Amino acid sequence: MRETSRIVCLVMSLVLLSIAAAQADVDYPQEILTIVEQYPGSSAKMTARDNEDISVILAVRNVSDPKIIFDFYKKVLLPKGWAVDSEMNAAMLSAMHLVKGKAVLAVGIMSSKDEQGEGSMVTLTLTPDAELAKEFAKLPDTPKMVETKAQEPAKENAPVVESPEPEVPKAIEEKVAEQPAEKSEYTDNKDGSVTHQRSGLIWQKADDGALRTWHEGKDYCGELDLAGRTDWSLPEKKQLLTLLKDGGLPGEFSGQTGLYWTSDTKSLASIIAWTVDFGGKKTALEKNKAQKFFVRCVSGGK
């Protein structure tokens, strides 16, 4: 089951790689250059940035054997402290993940052929850790990987006027204080599961605290036997986001502070999937499937 789901996701990458093959050359990302030089004789066809992740697609001429390309990255990166976390070869696309601490470099390879002969399309996706992010901040002309909001320029000599806090009539304050607590939409089933009454979804009450890759998370939920049920799965992003009501887990649940995997995969990049942050950001983030995060399984639904 694990290999089947991986191959399906890899096939989805063919669309992106075939589009990139026709693109004009672009600059190799400086961030990736800090850890590994551009593959010899290749040309960069497309780059992208999603949250912390930096990606580049390379066209490599006259090399169609994935092993040769994988060996190049191993030769360069293993002496620098990187390690091979996983490697697989499928009929259409091969993939390898290298890790160093919490940083991940994913290498995907698809054989290609055009009027100039055989070759390969190589996609590199770097998910940096805190140390690499600090190094990237020092690079010239490289935007820092944080979200910012545009601010309107201040008008010269304009007086600063503070708006007074509106007064709340005492009668209204007392009425608000008398309102009963809102009834929870969740029911603790006392068997390790919690039911959401409106949607009918049945949730794992407490995760086991283990960190897993996306594929390991899917397998874990698929094999879970809890509360007399065996039809557990990774939740969709929209389902898991409902647990963030009021900025955190409802009182019927217990869990970790951090990222949790969802079943949603980024449509054109097989190595990227969505997570939901139950830590400081309280939002959904795209992450490399080789990274390890928490898992909370779901079942049922109306």
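These legends go with a few close-up views of one predicted model. Residues are numbered from 1 along each chain as its sequence is written. Because the model is predicted, local features need pLDDT of at least 70 and side-chain atom pairs count only at pLDDT 80 or more, while totals for chains, interfaces and linings use all residues; side-chain values use heavy atoms, with hydrogens and water left out.

**View 1. An open sheet of four strands, in the order β7-β8-β9-β13.** The pairing is antiparallel, and strands count as paired if DSSP finds at least two bridges between them. Strands here are DSSP runs (E, at least two residues), as are helices (H or I, at least four), numbered from the N terminus. The edges belong to β7 (186-188) and β13 (298-300); each has a single partner strand, so one side of each goes without a neighbour in the sheet. From one strand to the next, the twist averages 25 degrees, with axes fitted as lines to C-alpha atoms and angles running from 0 to 180 degrees between N-to-C directions.

**View 2. Strand by strand across the sheet.** Finally, three bridges join β9 to β13, running antiparallel, with Trp203 opposite Val298.

View 3. Ser299 lies in β13. At 2% relative accessibility, Ser299 counts as buried (under 20% relative accessible area; exposed is over 50%, partly exposed in between, with a 1.4 Å probe and protein chains only). Its side chain makes a polar contact of 2.7 Å with that of Asp231 (N or O atoms within 3.5 Å, one able to donate a hydrogen and the other to accept it; sequence-adjacent residues count only if both atoms are side-chain atoms). Leaving out residues up to four places away in sequence, Ser299 also touches residues including Gly200, Ile202 and Trp232 (heavy atoms within 4.5 Å).

**View 4. The one disulfide in the whole structure.** Cys221 and Cys297 have their sulfur atoms 2.1 Å apart (the cut-off is within 2.5 Å). The pair links distant parts of the chain, 76 residues apart: Cys221 is in helix α6 (residues 214-223), and Cys297 in the loop between β12 (284-288) and β13. The S-S torsion is about -85 degrees, so the disulfide is left-handed. Both cysteines, Cys221 and Cys297, are buried.
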